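Morning, everyone. Let me put the sequence and the structure up, and then we'll walk through it.

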Amino acid sequence: MPADDDVFGPALARADAHARQWLAAAADRAVPPRLTPAQALAAVEAPLPEGPTPPDAVVDELAALAEPGLMTFGSGRFFGWVVGGTQPAPLAADWLVSAWDQNVGMRAMSPGAAAVEEVAGRWLLDLLGLPAGSDVGFVTGATSANLTGLAAGRDQVLRAAGWDVERDGLAGGPRVRVLVGAERHVSVDLALRYLGLGVPEEVAADDQGRIDAGALRRSLAAGTGPTIVCLQAGHIHSGAWDPMAEAVAAAHAHGAWVHVDGAFGLWAAASPRLRPLLAGHEGADSWATDAHKTLNVPYDCGIAVVADPEPLRRAMGVQVGAAYLAAFQQAADPLDKTPEMSRRARGVPVWAALRALGRSGVAALVDGLVDRARAIAEGLAEVPGAEVLNDVVFTQVSVAFEDDDRTRRVTARVLAEGEAWMSGSRWRGRDVLRVSVSNAATTEEDVARAVAAVRRAASAV
């Protein structure tokens with residue numbers, strides 16, 4: 001192939017055109033996919049081609065086949081689950097990451113990408129008020145970030161009990177007690193299962209889903225042995241944070257490791273207005289959060305932070321002595337901080353987002369999401385029959401109608417119309433319509449249109 005051939009140009013040009021069309025239409029496009037999962041699969045289903053196809057034609061075909069089945073996550077009227085949008089700088093940086101095709105498992109493999117990630121990690125510690133010198137690892141999402149932090153905690157509490165889990169495994173060792181709030185997120189349970197720690201002990205939570213600090217103290221006093229306490233920064237239905245200062249102090253008084261699942265709610269620490277509500281969060285031992293949620297960088301990007309690097313590097317570090325790696329490995333390479341040896345440079349879009357926004361911009365982004373959530377709550381509270389069940393302290397709003405049947409029918413009607421997308425859920429013994437404001441693109445007009453959509457649905461059922 002001649003060196004001057006533009007091998008990538010035609011395909012990249014088509015990808016650029018489709019991407020621009022997709023982004024430009026997000027504000028007005030109906031939010032839900034136009035195809036069901038079965039229809040989407042039927043549209044793509046085909047035998048493996050016998051021969052090659054020009055790359056630009058492949059890109060055009062991909063767009064035509066997939067786009068009808070895509071959710072418009074980038075819409076300012078998408079409020080499902082906790083799925084953030086994306087911003088120009090991190091999106092463009094993510095394109096570069098794909099073009100560069102760097103493996104940042106070791107610094108020697110890609111010094112430039114590893115350096116950018118390292119600086120992004122320091123900026124994150126500063127922005128979120130976490131201890132300087134903590135290790136930062138870029139993982140796929142909060143589930144992997146929880147696994148990473150809890151693995152470090154498992155190592156540390158077992159080592160303090162005289163058991164080397166890295167050498168001897170779990171069999172025959174002391175059982176690790178794990179205390180969690182009764183309303184923690186399921187990703188914590190998944191991480192504990194992956195780590196072989198089993199089902200955790202539940203501690204009572206209050207009416208906003210926050211762990212009860214008094215109940216935590218009693219649970220800690222009722223048991224002995226190596227212990228981990230999992231706290232939550234950002235309840236999935238209420239947005240509330242556990243009482244960090246009290247809970248951390250109680251846990252540390254019993255020698256427990258404290259891990260904070262802050263998938264979206266840890267970002268409140270970036271706001272001077274909200275940080276007092278998390279007071280004491282910096283005293284924990286490990287934290288998990290997502291950049292693809294509140295910070296609005298492209299999928300996938302989770303962040304694991306551990307205050308003491310030593311237990312993290314023992315739990316995650318590559319110590320296999322592979323000769324082909326040993327010649328290039330340095331102390332605390334990125335692969336020593338995450339479960340992956342090979343990965344894309346997912347920390348680069350984080351750097352781009354923080355560089356573009358700066359400290360004040362991130363604070364404005366977080367505060368803006370909260371303001372939109374409160375505006376939605378105020379609007380929905382005026383819909384006949386609707387009741388807002390949570391104190392709207394962050395980005396989550398949970399609404400119920402007179403009975404579960406009507407709540408389900410209103411939710412179904414909203415989704416069928418497609419003007420806005422809000423996920424149904426169940427909380428405090430009631431079906432709810434749950435709103436998660438996670439996209440920086442959400443405007444006051446989007447808020448008004450979303451509230452109007454719920455009002456129309458309520459009137460219709």
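Burial comes first. Of the 461 residues in the protein chain, 51% are buried. Keep in mind that this is a predicted model.

Now the overall fold. The protein chain has 15 helices and 11 strands. Along the principal axes, its C-alpha atoms fill a box of roughly 70 × 60 × 45 Å. What about the radius of gyration of the protein chain? It comes to 23 Å. A compact globule with 461 residues would have a value near 23 Å, so the two agree.

Next, contacts. Take those in the protein chain with a separation of 6 or more; 73% of them join residues 24 or more positions apart.

The accessible area of the protein chain is about 20,100 Å². Carbon and sulfur atoms hold 57% of that.

Charges next. How many positive and how many negative side chains does the protein chain have? There are 41 positive and 56 negative ones. The centres of these two sets lie 4 Å apart.

The structure holds seven aromatic pairs. One of them is Phe78 with Trp81. Phe78 is buried, because its relative accessibility is 1% and the cut-off for buried is under 20%. Trp81 has a relative accessible area of 43%, so it counts as partly exposed.

A second pair to look at is Trp123 with Trp351. Stacked or edge-to-face? The planes are at 20°, so this pair is stacked. The ring centres are 5.9 Å apart.

Where do these two tryptophans sit? Trp123 is in helix α5, residues 111-128. Trp351 is in helix α13, residues 347-381. The pair therefore ties together parts that are 228 residues apart in sequence. As for cover, Trp123 is partly exposed at 32% relative accessibility. Trp351 is partly exposed too, at 29%.

Last item, back to Phe78 and Trp81. Which residues do ring pairs link into a cluster with them? Phe73 and Trp421. So please find those four on the screen: Phe73, Phe78, Trp81 and Trp421, linked by ring pairs.

That's my tour. Over to you.

Notes:
Residues are numbered from 1 along each chain as its sequence is written. This is a predicted model: local features need pLDDT of at least 70, side-chain atom pairs count only at pLDDT 80 or more; totals for chains, interfaces and linings use all residues. Side-chain values use heavy atoms; hydrogens and water are left out. Helices (H or I, at least four residues) and strands (E, at least two) are DSSP runs, numbered from the N terminus. The radius of gyration is taken over C-alpha atoms; the globule rule is 2.2 Å times the number of residues to the power 0.38. Buried means under 20% relative accessible area, exposed over 50%, partly exposed in between (1.4 Å probe, protein chains only). Contact means heavy atoms within 4.5 Å. Accessible areas come from the Shrake-Rupley method with a 1.4 Å probe; for residues, only the protein chains shown count as cover. Lys and Arg count as positive and Asp and Glu as negative; His and the chain ends are not counted. The place of a charge is taken as NZ of Lys, CZ of Arg, CG of Asp or CD of Glu. Rings of Phe, Tyr and Trp (its six-membered ring) pair if their centres lie within 6.5 Å; planes under 30 degrees apart count as stacked, over 60 as edge-to-face and the rest as tilted.
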